[in-house]
Amino acid sequence: MAKKKFVVGCFDDEAVLFPAVKKVRTSGYKIHDVYTPFAVHGLDHALGLRETSLHTAGFIYGITGTTTALSCISWIFTRDWPLNIGGKPHFALPAWVPIMFELTVLFAAVGMVLTFCYLCQLAPFVKKHHFHPRATDDLFVMVIECTDKTNTDDLKAFLTSNGAVETDVQVAEDGWWLGRYDKDEMPFENKEIVAA
Amino acid sequence: MHLKYESQLREPLVYGDKTYHQVTEDIVKPIEAKPTKLWYIGFYISVALLLFGVYSVYREVTYGIGQWNLNKTIGWGWDITNFVWWVGIGHAGTLISAILLLFRQGWRTGVNRAAEAMTIFAVMCAGQFPIFHMGRVWMAFFVLPYPNTRGPLWVNFNSPLLWDVFAISTYFTVSLLFWYSGLIPDFATVRDRAFTKLRKRLYGIASFGWTGSTKHWQRHESLSLVLAGLSTPLVLSVHTIVSFDFATSVIPGWHTTIFPPYFVAGAIFSGFAMVQTLMVIVRKVFGMEDYITMGHIEAMNKVIVLTGSIVGVAYLTELFMGWYSQNKYEGYTFWYSRAYLFSPYGWSYWGMMACNVLSPQIFWFRKMRRNLFVTFFMSIIVNIGMWFERFVIIVTSLYRDYLPSSWSVYYSPTIWEIGFYAGTFGLFFTCFFLFAKYFPVIAIAEIKYVLKTTGEGYKNKMGNIEEQKLEEFVHEQAHH
């Protein structure tokens with residue numbers, strides 16, 4: 001995958017981040033992404049991201065489960081092997097409700113999690129470029145994609161004036177690859193740990 | 001946009017004036033520190049119990065069900081009692097992680113991770129019992145409906161025992177997915193601050209390459225909410241279906257329509273008791289008092305007194321119906337086999353009444369709800385009581401049949417039945433000790449999300465907001 005050039009600005013408070021996102025966007029810069037340690041509500045709207053359709057996928061998986069259960073059981077019990085259970089009807093819908101329900105939930109949950117992992121490109125052994133190791137700890141990391149015309153020094157100064165506590169320029173791949181994390185920097189390497 | 005304001009009257013959920021970084025430090029500390037002696041002692045005891053359980057199961061598989069004291073007519077004894085007991089315990093985890101999420105109960109964030117872990121381990125333990133009760137355990141796959149060379153002979157989809165297969169396996173799968181999807185961002189936090197290569201590598205694999213991208217968080221939120229919405233009816237359905245194992249039969253004492261709600265309330269009751277047992281220990285051993293506060297303990301004790309009382313009402317309703325139905329078999333089961341203290345198993349009924357209905361009433365007093373010793377003691381008592389409940393339901397209904405000639409001899413378990421039960425304790429605690437050492441026991445990202453609304457330090461600053469004019473407040477909050 002091609003490498004790209006990014007300007008990275010780190011914020012330490014989401015209350016500072018929101019106005020900064022607004023300013024950066026109105027100034028015409030293209031925000032590649034904002035990496036946050038937790039789900040910051042409203043940030044997706046501030047970045048102009050559309051709503052996710054994951055729940056719609058979940059609904060479709062769910063009804064797939066329901067119909068799978070109903071069609072399989074009814075075929076088995078009325079066509080393939082009509083079992084006489086105390087002379088009761090072969091098509092015993094009320095007795096099938098529990099399994100239909102369970103398969104609805106099972107299909108929806110498994111399908112949604114797999115879809116989530118596919119959309120976010122998450123899997124074991126997957127590696128992605130990390131713009132800042134503290135993005136999963138306490139920093140809100142705004143990453144702006146540079147074009148040929150971007151003056152990185154100006155942009156860094158602009159981010160600092162909008163409250164960024166740290167800025168830098170990075171050249172990185174923006175996709176994912178198979179890799180390990182043990183060659184990454186370890187900012188906590190020499191820490192002495194006292195037993196809890 | 002969400003308002004960063006919560007009334008000062010509400011107790012803080014996170015004590016101390018914490019920053020986001022401090023939250024990470026506090027929660028990750030037990031993972032990064034060497035385990036204490038206490039951890040090793042607990043872990044080795046658990047493994048020893050587990051090995052004893054493995055040997056007990058080995059004997060059962062080799063020599064058959066005869067290793068247990070099951071007889072005619074008590075075909076279900078300790079094994080199914082333990083199965084229902086463990087499944088019930090699991091329910092609190094899903095209640096905390098799913099139902100309380102939908103009800104927007106902020107206090108769930110402190111305990112949901114550990115409670116969900118408890119659910120998964122409890123369901124793992126529960127599953128062992130029906131599987132090994134089959135006797136020829138190598139044929140356990142016969143319960144799966146697949147086109148086979150025996151006809152194909154299908155399973156009976158109209159049987160509650162098969163519904164159980166679907167319910168328990170779905171429950172386990174969905175709980176595991178819910179738990180793990182919540183763990184991914186926290187594993188990424190642990191990975192990014194790891195200080196050895198092995199840690200970086202292993203937590204790197206476990207975190208699936210999570211970066212914290214805004215779009216990913218948006219999908220993650222959507223996923224958690226829908227999984228919570230799915231888990232809520234699921235958890236109710238699971239214990240309902242377990243109760244159908246009994247309720248759809250025609251055995252006096254089992255054949256009642258009250259079973260589904262009564263079983264679900266009992267499950268939540270015993271599950272919360274187990275969460276209390278674990279949380280009182282975890283907060284002490286790992287120094288998590290700032291995150292698992294007395295407020296959390298109190299809230300769970302309130303759930304215990306509520307569900308304990310619901311269960312009590314169910315017991316009394318059953319007794320009433322035993323008389324009101326004027327069915328002599330029902331009456332005999334409820335008023336002789338159970339409620340008569342000097343009947344063969346009367347002790348178990350009154351043990352159940354004392355542990356489940358009478359003793360939790362102590363939690364009507366605030367002082368008792370906020371007392372750790374009382375909480376810990378009661379959590380054990382409740383779980384003993386709930387074990388008695390399942391024993392009462394199963395054994396007192398089975399030991400005397402319609403014909404006095406087929407009344408069974410007195411049932412008491414063999415050492416291998418007890419060993420199997422002890423083994424599941426070993427399995428449960430071995431898993432829990434490993435979880436507590438290698439996994440973030442509190443959901444780091446979720447605590448950070450509620451920190452600025454419910455953290456003590458932030459709440460104290462909100463006094464100014466209470467005095468602000470409405471227009472000022474709106475103006476200040478609306479800037480993003």
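Q: How are H3(B) and H8(B) oriented relative to each other?
A: This is a predicted model, where local features need pLDDT of at least 70, side-chain atom pairs count only at pLDDT 80 or more, and totals for chains, interfaces and linings use all residues. Residues are numbered from 1 along each chain as written, with chains lettered from A and ligands numbered from 1 in written order. The axes (lines fitted to C-alpha atoms over the stretch in contact, angles 0 to 180 degrees between N-to-C directions) of H3(B), residues 78-102, and H8(B), residues 259-285, come within 6 Å and cross at roughly 80 degrees. Since 65 to 115 degrees counts as such, the two helices are therefore roughly perpendicular.

Q: Which element gives the most to the side of chain A that touches chain B?
A: Counting contacts as C-beta atoms, placed from the backbone, within 7 Å, 70 residues of chain A meet 67 of chain B. Helices (H or I, at least four residues) and strands (E, at least two) are DSSP runs numbered from the N terminus, and contributors of two or more residues include H1, H3 and H4 of chain A. The top giver, with 16 residues, is H4(A).

Q: Which strands stand at the edges of the sheet in chain A?
A: Strands pair if DSSP finds at least two bridges between them, and here 4 strands form an open antiparallel sheet in the order S2-S4-S1-S5. Each edge strand has a single partner, so one side of each lacks a neighbour in the sheet; they are S2(A) and S5(A).

Note on methods
Two residues are in contact if their C-beta atoms, placed from the backbone, lie within 7 Å. Angles under 35 degrees count as roughly parallel, over 145 as roughly antiparallel, 65 to 115 as roughly perpendicular and the rest as oblique.
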